[in-house]
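Work through the following exercises with the sequence and the model in view. Try each task before reading its solution.

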Amino acid sequence: MTETATGTAAASAASGARIQLENLTKRYPGSPSPAVDDVSLEIKPGETVILVGPSGCGKSTTLRMINRLIEPTSGRIRIDEEDVTDIDPVGLRRKIGYAIQASGLFPHMTVAENIALVPKMVGWSKSRVKDRVEEMLDLVGLDPREFHGRYPRQLSGGQQQRVGVARALAADPPVLLMDEPFGAVDPITRDHLQDELIRLQRELHKTIVFVTHDFDEAIKLGDRIAVLRERSHIAQFDTPEAILTNPADDFVSGFVGAGAALKRLNLTRVRDVGIADFPTVSVDDPIESIFNKLREGPYNELLMLDRRNRPYKWLRRGDLMRAKGSPARAGQLVHDTVTRDATLHDALEAVLIDSSGRVAVTGRRGEFIGVVDMETLMNSVQEMLQADRLAAMEHEHDLEELRHHRTETELEGGADG
Amino acid sequence: MSFWDYLAGHQQQLLTDAFQQASAVFQCMVIATLLGIAIALLTYRSAWGGNLAITTTATFLTVPSLALIGLLIPLVGLGVPPTVIALTLYGLLPVVRNAIVGLRGVDPSLVDAAKGIGMSRVAQLFRVELPLAWPPILTGIRVATQMLMGIAAIAAYASGPGLGNEIFRGIASLGSANAINQVLAGTIGIVILALLFDAAYVLLGRLTIPRGIRD
């Protein structure tokens, strides 16, 4: 059910628009230095860009200038080549999704009424709005029948945030602005919401601009990250890999914090490394065949699956002997599994905890796919870091050339003028 | 003559007075509410504007009701006009103050969200800010009504309508057979009216405060 609904959503959805900020400046009266000083940023269609920086660096102000909740003092904003700096802000905002911290849901309206707000304002028909509300609830993983008529205070923080995202996406805007949307929920819920957002974005391809002060969140969600320092000056604007392996300056490396190599593990998914085969038996297999498999094969160990093909027990050669031939008592229960979408960080964690240094990888419904072991992880991390280093060097080289080129043209331009 | 005999004998007169009192208070409350909310909407966004509105309306309240009505008589004459003006002025303060406090108390992040998803200023006001500020505003209206119930009795001094006539008549003829009965009937009538109004407000709250923000 979810599958089909999200499928149609993706098919009918408007995908992202290009956003260009040109020399955007915000100066508040009575303050000597601007809050945002001359920011230029180009965000590609369908890209998730994270603005990250210490509090008070102007990242929120920058975001809020995109939908003109804050009017820029100077500079231009372009969305899909259209200059929106001077158009009617109310109309502009209806075409830009907006999700904020603590969800911003209106407590006096039901979940459905909250989600229906923007589609109604842009003049959708009643039946279309109704269908859309159901579709959006489904999309963010809430059962429409159950949550439709609830009030925000009857929802948990995580559920509220989901509805907040559903409301922001309801009128199918090409651009989604998110201002620390997961800042007010507990770490476990935040993790879930981040995963959900990644899944949504894989389906919808919106242009997302996301503000956070949490660098780990930035790495996890961003296609590119803009690390901002005071007055929204861009210290570095690059892919998470590049920022981790090659921070532009001390400010960025300070912000990246310790353990860049460990954080790098968050950027790669289990699906991207080699998932190895592992011999399995089923709980229903007769005990003789299990014995034979252990004796004949080159393996010291088997994975026993339950009736629904889910990892159940690790069986070693000695285990069956000690358990006097009863498979029910033998072996070690499988504690932890990872999905193919899990990060290498999660996988490493699971491998470290496991006594024999490997973890079972499972599919959507928990069915066994293969295993990842310590060796595979080590090798892929080595490869990854090596590749990053090479890419960083190349990148630096390119930048150097570009700078060189620019200075040259500037000099020429100067000569002409 | 016992109190009950008095009530039975003057039933018609008392009911008319009670009805007129209720009607006067109700109508003045409607005017005070509309005016009060309008004043609040115009002023709540500026610090000094809102405070000025609260202080001004509070000043009316410090003027003794008898004096205010007395001052109004030479200006607008006797009867209904001074009653309506006085009651409306007295009703303003609780409405204005609660409306301003209520509107200022709306979570700024919700106003930001309303603006951010593309609501016009008018929509922000009528779909988000006023509904959320409505419970305190309603409390203000309730308090004002209770107050006006008592003040309306004084209006009889200027030949205004209501149960105050009963009380004033009784006071004027103190010592006569029915004096105490008249004062008592007027007073108890006012208390009963006040309680009825209060019950009506509880019902109104049930009907108009959205379920999502009701306690």
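Angles under 35 degrees count as roughly parallel, over 145 as roughly antiparallel, 65 to 115 as roughly perpendicular and the rest as oblique. The model is predicted, so local features need pLDDT of at least 70, side-chain atom pairs count only at pLDDT 80 or more, and totals for chains, interfaces and linings use all residues. Residues are numbered from 1 along each chain as its sequence is written, chains are lettered from A and ligands numbered from 1 in the order in which they are written, and side-chain values use heavy atoms, with hydrogens and water left out.

**Exercise 1.** Determine how α8(B) and α9(B) are oriented to each other.

Solution. Begin with the axes, which are lines fitted to C-alpha atoms, for helices over the stretch in contact, with angles running from 0 to 180 degrees between N-to-C directions. The axes of α8 (residues 164-172) and α9 (residues 179-208) of chain B come within 7 Å and cross at roughly 155 degrees. The two helices, α8(B) and α9(B), are therefore roughly antiparallel to each other.

**Exercise 2.** Decide whether His205(A) is buried or exposed, or in between.

Solution. Buried means under 20% relative accessible area, exposed over 50%, and partly exposed in between (1.4 Å probe, protein chains only). First find His205(A) in the loop between α8 (187-204) and β8 (207-212) of chain A. His205(A) has a relative accessibility of 42%, so this residue counts as partly exposed. Its phi is near 55 degrees, a positive value in a residue other than glycine.

Key
Helices (H or I, at least four residues) and strands (E, at least two) are DSSP runs, numbered from the N terminus.
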